[in-house]
Amino acid sequence: MKKILVFSLLLTILSCSACTRVSFPDTGVKIDVDASYDGAGELTYRESLSFRVDGPIRLNLFVNAYAQPETVTAGEQERLTAYPSGFRPGGIVLSDVTLNGRPALLRLSEDRCCAQVLAPAADGERAVLSFSAVVTVPEARTRFGRWNGVASLAGCFVSLARSERRTVAFGDPFVTETADYTLRLSLPEELTAATGGVRVREQTENGRRLLTVRASCRRELAVCVLTAGQEKSEQRQGVTLRSYGADGALPGVRTMLDRLRSVAPFPYEELAIVRCGFYAGGMEYPGLILIGEDFFGDETVLSRIAAHETAHQYFYGAVGSDQILEPWVDESLVEFLCLESEKQFASEYRDRLAAYVSDAALRGERPRLAVSGSLYDYADTTEYVYAVYIHGCMMWRAVYDLIGEKAFADGLRRYYQENAFGLADGDRLIDAFSAAAGLDLRPIFASYLNA
Ligand SMILES: [Zn+2]
């Protein structure tokens with residue numbers, strides 16, 4: 001009971017001071033897309049990407065992870081659920097690539113999820129890269145896929161890649177910087193799009209719906225295409241919440257918006273929440289949340305998924321981090337922010353982790369529990385979840401118990417304000433909380449990060 005009180009106090013502190021809206025910084029990267037979706041799994045577009053050259057030019061082609069079963073973000077066991085009708089390949093093919101108007105070649109990475117642009121370009125020079133793309137959206141219950149009338153076009157609009165990284169079958173295996181997007185999207189008239197941006201124009205013409213969407217300072221522009229007429233909207237703290245068949249998720253979204261109110265204003269103008277086929281729960285994109293239809297039956301579970309993905313709008317969306325090498329930086333923090341009670345902590349974290357470790361010991365195994373692993377370090381989804389989410393949440397609980405609610409709230413605010421719209425890392429996160437507490441918290445973090 002005492003701890004429930006402590007958590008309630010945390011909520012009070014986090015919501016009692018007022019903040020003004022953060023304006024978007026200049027990203028220096030403009031992405032302009034003219035796209036058409038046929039309503040049956042094919043998206044075609046022409047993209048123009050304007051940026052300042054800083055080293056090798058690489059493109060993020062993450063949706064090519066869906067070209068073969070081995071690289072989709074679903075482990076071997078999960079694939080039966082993700083592809084109820086059997087595996088269907090999806091992916092992206094680029095053509096007519098030009099850099100500053102001259103033809104350029106692409107060199108694809110081994111897993112085809114990254115491409116290097118082979119063209120002369122000097123560091124510091126502003127460049128315009130243009131290309132055409134054909135995206136095949138697979139029939140699948142994955143974060144990129146179409147199921148039951150909803151096509152999730154997440155990851156389809158190509159952004160610059162920081163580095164070439166092999167993709168992994170679990171977690172969120174991509175790292176992206178922010179860009180300013182303008183999307184013009186043509187759809188069959190009976191369809192519409194939920195997006196992570198703001199719809200600035202809409203018209204219908206010759207049986208097509210034409211949407212213009214602006215999305216500033218997004219790590220990606222995610223779009224879901226679905227039947228028109230299902231949208232419901234409401235205002236919460238100056239943010240437009242748009243529900244697409246996902247009204248049941250709104251209580252969890254509202255709870256987290258209220259909880260994080262004093263950390264910073266919501267990072268974007270709008271938040272779209274889409275009920276779709278996604279088999280694994282929820283998935284966050286800047287300004288857009290996907291929630292799988294299977295999770296709408298249980299209010300508690302649904303609220304928790306919605307709250308978790310809403311917290312990601314701040315920690316992943318606004319404050320980015322390396323989700324491949326340091327997935328704990330956003331995931332463990334977001335998981336802790338969703339904690340509601342001592343009872344929940346005991347049953348879903350502490351006792352569950354103890355049972356997991358003792359079951360493994362009976363089999364003569366010792367699972368990896370270090371919270372700090374990269375996606376490459378964990379054997380599978382289960383090991384990843386126990387280490388990063390469950391053990392990670394216990395790490396934050398230990399920090400919270402040590403420094404108290406006020407320093408925790410100060411640390412969270414400091415971390416956000418120092419890193420909003422950039423890419424942070426574990427050191428910056430620990431430094432922010434250490435500064436807020438007036439204590440070097442490295443040893444307590446290290447005892448979980450390197451356990
Ligand atoms: Zn998450």
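Strands E17 and E18 form a hairpin with two residues between them, and glutamine 237 in the turn has a positive phi of about 50°. Here helices (H or I, at least four residues) and strands (E, at least two) are DSSP runs, numbered from the N terminus. The model is a predicted one, in which local features need pLDDT of at least 70 and side-chain atom pairs count only at pLDDT 80 or more, while totals for chains, interfaces and linings use all residues. Residue numbers start from 1 along each chain as its sequence is written.

Pairing, for which DSSP must find at least two bridges between two strands, is antiparallel over six bridges between E17 (residues 231-236) and E18 (residues 239-244). On E19 (residues 270-276), E18 has a parallel partner, with five bridges, and arginine 242 is bridged to alanine 272 of E19.

Taken together, the strands make an open sheet of five with mixed pairing, in the order E17-E18-E19-E21-E20. E17 and E20 (282-285) stand at the edges with a single partner strand each, so one side of each is left without a neighbour in the sheet. On average, neighbouring strands are turned by 15° against each other, direction ignored; axes are lines fitted to C-alpha atoms, for helices over the stretch in contact, and angles run from 0 to 180 degrees between N-to-C directions. E20 pairs with E21 (residues 288-292) in the antiparallel sense over four bridges, and glycine 282 stands opposite isoleucine 291 in E21.

H3 touches E17, E18 and E19, and its direction makes about 160° with that of E18. Helix H4 (residues 299-314) touches E19, E20 and E21, at about 20° to the direction of E20.

An automatic or database domain assignment supplies the domain bounds, dividing the protein chain into domain 1 (30-314) and domain 2 (323-449). Their C-alpha centres lie 27 Å apart. The contact takes 21 residues from domain 1 and 20 residues from domain 2. To the side of domain 1 that touches domain 2, H4 gives the most, with six residues.

Notes
Contact = placed C-beta atoms within 7 Å.
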